[in-house]
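This briefing is intended for a reader who has the model open alongside the text. Please consult the sequence and the coordinates as each topic is taken up.

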Amino acid sequence: QKMPPSLPATINIREPRWDQSTFQGRAKHFFMVTDPRNLLLSGATLEEARRVVEDYRAGTVQPGLTEDQLWRAKYIYDSAFHPDTGEKMILVGRMSAQVPMNMTITGCMLTFYRTTPAVLFWQWVNQSFNAIVNYTNRSGDAPITPGQLGTAYVSATTGAVVTALGLKSLTKHLPAIIGRYVPFAAVAAANCINIPLMRQRELKLGIPVTDENGTRLGESTAAAQKAIFQVVVSRIGMAAPAMAIPPVIMNMLEKRAFLKRYPYLNAPLQVGLVGLCLVFATPLCCALFPQKSSMPVSSLEPEVQDQIRKKVPWLETVYFNKGL
């Protein structure tokens with residue numbers, strides 16, 4: 001039997017398969033990254049993908065390896081291992097866990113919003129999950145201390161709960177549909193607190209900036225600010241359809257005889273609608289900004305500009321991993 005021709009060692013698997021300068025290319029990339037089926041892969045499959053990717057990067061092409069198999073291994077590897085540190089990420093913190101986890105939590109937040117204990121409990125669950133995701137998908141390779149982690153977690157949870165309870169008390173005399181949007185306002189506020197706090201080390205010390213080829217040139221706090229702003233916008237956008245569309249549908253359904261007769265279907269229906277929104281909103285909002293973000297050297301801090309100009313005087317643009 002004739003062996004397939006050996007794969008050239010020149011495919012750049014450090015970059016995504018599709019053109020990241022276009023929204024369509026980024027969307028295709030993130031549909032792969034956030035695919036929930038990646039959660040079902042065994043440890044052996046993940047290690048095999050890691051081996052294929054690391055061997056290929058080192059210039060060793062496994063016999064019979066096809067280009068599609070190589071890209072499949074790259075996306076399995078990317079779904080489970082941190083791009084900067086190479087460490088295996090916590091299962092529920094991976095982007096492939098976003099849809100099933102957010103589907104359950106958001107569905108419950110939208111269903112159980114009428115009582116104060118329920119609001120407290122589900123906002124706490126949501127912020128606990130967000131803290132894990134923000135830590136797991138941080139940019140750079142700088143460690144975060146348990147103290148910083150605890151401060152960020154407590155601040156974000158308090159912010160979300162205070163916002164939710166404050167808005168809940170304000171909407172008591174307003175139409176029922178307004179009350180359904182309280183969880184979204186709380187989630188948006190909490191994202192603005194949780195993400196910067198969870199990544200405060202980056203804001204203090206900066207994140208690695210590189211040239212186009214990935215050569216590290218220094219650490220920049222200006223790049224960290226841009227990265228965190230982009231992530232906050234993406235996360236709020238991700239939550240918006242899942243928390244804005246189901247309340248309208250559920251509000252209409254609850255007025256019909258069907259849900260009055262079978263009230264226990266309320267939560268499963270809500271979770272299902274949220275899941276449907278998230279399957280599309282998660283990758284599309286991750287794709288709003290390139291993962292490998294960029295900024296002009298002239299926008300960096302003066303000392304970082306000087307440092308880069310000494311090394312590469314002609315360089316005009318630097319790149320950095322914005323995190324997710």
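The points below cover domains, strands, selected residues and salt bridges.

The structure is a predicted model, in which local features need pLDDT of at least 70 and side-chain atom pairs count only at pLDDT 80 or more, while totals for chains, interfaces and linings use all residues. Residues are numbered from 1 along each chain as its sequence is written, and side-chain values use heavy atoms, with hydrogens and water left out.

**Domains**

- The chain is divided into domain 1 (23–88) and domain 2 (95–206 + 219–278), with bounds that come from an automatic or database domain assignment.
- Between the C-alpha centres of domain 1 and domain 2 the separation is 29 Å.
- Domain 1 contributes 11 residues to the contact and domain 2 contributes 11 residues, where contact means heavy atoms within 4.5 Å.

- Strands β1 (residues 207–210) and β2 (residues 216–220) run antiparallel and are joined by four bridges.
- Two strands are taken to pair if DSSP finds at least two bridges between them; helices (H or I, at least four residues) and strands (E, at least two) are DSSP runs, numbered from the N terminus.
- Within this pairing, V209 stands opposite G218 in β2, and I207 stands opposite S220 in β2.
- Five residues lie between the strands of the hairpin, and G214 takes a positive phi near 90 degrees.
- In a regular strand, side chains alternate between the two faces of the sheet.

- E301 is located in the loop between β3 (292–296) and α13 (302–311).
- Buried means under 20% relative accessible area, exposed means over 50%, and partly exposed lies in between (1.4 Å probe, protein chains only).
- A polar atom of the E301 side chain lies 2.7 Å from the backbone nitrogen of T221.
- Leaving aside residues up to four places away in sequence, E301 touches E219, S220, T221 and A222.

**Other selected residues**

- Q270 belongs to helix α12 (residues 266–286) and is buried, at a relative accessible area of 1%.
- Although Q270 and G107 are 163 residues apart along the chain, their C-alpha atoms are separated by 5.3 Å.
- E87 lies in the loop between α3 (67–80) and α4 (98–111) and is partly exposed, with a relative accessible area of 38%.
- The C-alpha atoms of E87 and F112 are separated by 37 Å, with the two residues 25 positions apart along the chain.
- S79 sits in helix α3 and is buried, with a relative accessible area of 4%.
- Not counting residues up to four places away in sequence, S79 touches V33, N38, M89, R94 and S96.

**Salt bridges**

- The count comes to 10 salt bridges, each defined as a side-chain nitrogen of Lys or Arg within 4 Å of a carboxyl oxygen of Asp or Glu.
- K292 forms a salt bridge with E15, the closest N and O atoms being 3.1 Å apart.
- This pair links distant parts of the chain, since K292 is in strand β3 and E15 is in the segment before α1 (23–33), 277 residues apart.
- Both partners are partly exposed: K292 has a relative accessible area of 29%, and E15 has a relative accessibility of 26%.
- R51 and E48 meet through their side chains in a salt bridge with an N to O distance of 2.7 Å.
- Both R51 and E48 lie in helix α2 (residues 43–57), three residues apart, which is about one turn of the helix.
- R51 is partly exposed at 41% relative accessible area, and E48 is partly exposed at 35% relative accessibility.
- The side chains of E54 and R50 form a salt bridge at 3.7 Å, N to O.
- E54 and R50 are separated by about one helical turn because they are four residues apart in helix α2.
- E54 is partly exposed, with a relative accessible area of 38%.
- A network of salt bridges links E47, R50, E54 and K88.

Conventions. Polar contact = N/O pair within 3.5 Å; in protein donor to acceptor, adjacent residues only side chain to side chain.
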